[in-house]
Amino acid sequence: MSRRSDLDALLDGIRENDRASLGRAITLVESNAAGDRLQAQEILTSILPATGKAHRIGISGVPGVGKSTFIESFGLRLVELGHRVAVLAVDPSSSLSKGSILGDKTRMEQLARSDEAFVRPSPTGGSLGGVASKTREAMLVLEAAGYDIVLVETVGVGQSETAVAEMVDFFLVLNLAGAGDELQGIKRGIFELADLIAINKADGGNLQAAELARVEFERALEILRPADESGWKPQVVTSSGLTGEGLDAIWRLIADHHELLSANGFLERRRNRQLLGWMWSLVDEGIRTAVRGHSDVAAIAATLERDVLEGRTTPTAAAERILDTFNA
Ligand code: GDP
């Protein structure tokens, strides 16, 4: 078979939501091999008109907050409502070391078995920017296959939350009730990022503590987050992935947000900003790789580093020298 008809068959498979084709396409998107990348870009360019129609929702929280339990219940509920749900992940730990926080296959078993759902672990290898970019491209593939809700999971550590907030329409942060937890939240900057905060595991003996935490978080939000220019007011709710409590209310809020931002143009603005941000972040990363990999730069780098450390030159002067060398 020719390469062309291979590609056409793969494109047909994507449009028909054939799982094997989706798996192959996403594997190409996640690959670092130059040939695969070319093919992936060809595929993405072909499907581009069929993308962008899904409701993109980011879900974050520290390990143990109950993300996978929550996403499984939430996803199954959305399937019951007639949606087709894709679950993707951005887990930088799975690229930095083998110790993935999110990615093992036994998670969300029930949801993964549903015909109306597609669950994919985080891509591995490369920088956070690279991992995030692959997740965005996998999202496009799944949108072209007709998934109308994409849940992007990430861990509440480091820059991964910002990376996911930059690829979704709505960002939900799960938290736990516990003394000082809202201070942890402030440190992580979630009050700036979150469109909604859910105090999770609000069930059993934890119910009262969760309600107290909700009020605390609400207070913090009031101070730290003046009204968005989009007109959306971030809120704090309680939830339990285990009992399902609060999940319907969360879906209603997410739908309200979507309706508001679709009507007033802010959804399009958010997505446009994200697209250009994505493009330039890849340019930045490419330049960084090119500079560091440049043989003339490599030849002077060690000496310059030593000069900076031993006080013979300033970081600014050394950086200029490196850039001049690269540009020459
Ligand atoms: P993740 O690391 O954020 O994905 O968290 P998991 O979903 O794997 O859950 C971590 C632990 O918390 C597991 O032992 C779950 O059974 C438990 N858990 C998850 N969700 C809930 C919840 O809503 N209520 C209670 N009580 N426990 C939960």
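A salt bridge is taken here as a side-chain nitrogen of Lys or Arg lying within 4 Å of a carboxyl oxygen of Asp or Glu, and a search of the whole structure on that basis finds 17 of them. The model is predicted, so local features need pLDDT of at least 70 and side-chain atom pairs count only at pLDDT 80 or more, while totals for chains, interfaces and linings use all residues. Residues are numbered from 1 along each chain as its sequence is written, and side-chain values rest on heavy atoms, with hydrogens and water left out.

**A link between distant parts of the chain**
- Arg-84 and Glu-116 join their side chains in a salt bridge, with an N to O distance of 3.8 Å.
- The two residues stand 32 residues apart, Arg-84 in the loop between helix H4 (67-80) and strand S2 (85-90), and Glu-116 in the loop between helix H6 (109-113) and strand S3 (117-119); helices (H or I, at least four residues) and strands (E, at least two) are DSSP runs numbered from the N terminus.
- Arg-84 is partly exposed at 21% relative accessibility, and Glu-116 is also partly exposed, at 32%, where buried means under 20% relative accessible area, exposed over 50%, and partly exposed in between (1.4 Å probe, protein chains only).

**Other pairs**
- Asp-228 and Arg-225 form a salt bridge at 3.0 Å, N to O, in which Asp-228 is partly exposed at 22%, whereas Arg-225 is buried at 11%.
- Arg-312 meets Glu-310 in a salt bridge at 2.8 Å, N to O, and Arg-312 counts as exposed, with 52% relative accessibility.

**A network**
- Salt bridges also link Glu-211, Arg-214 and Glu-218 in a network.
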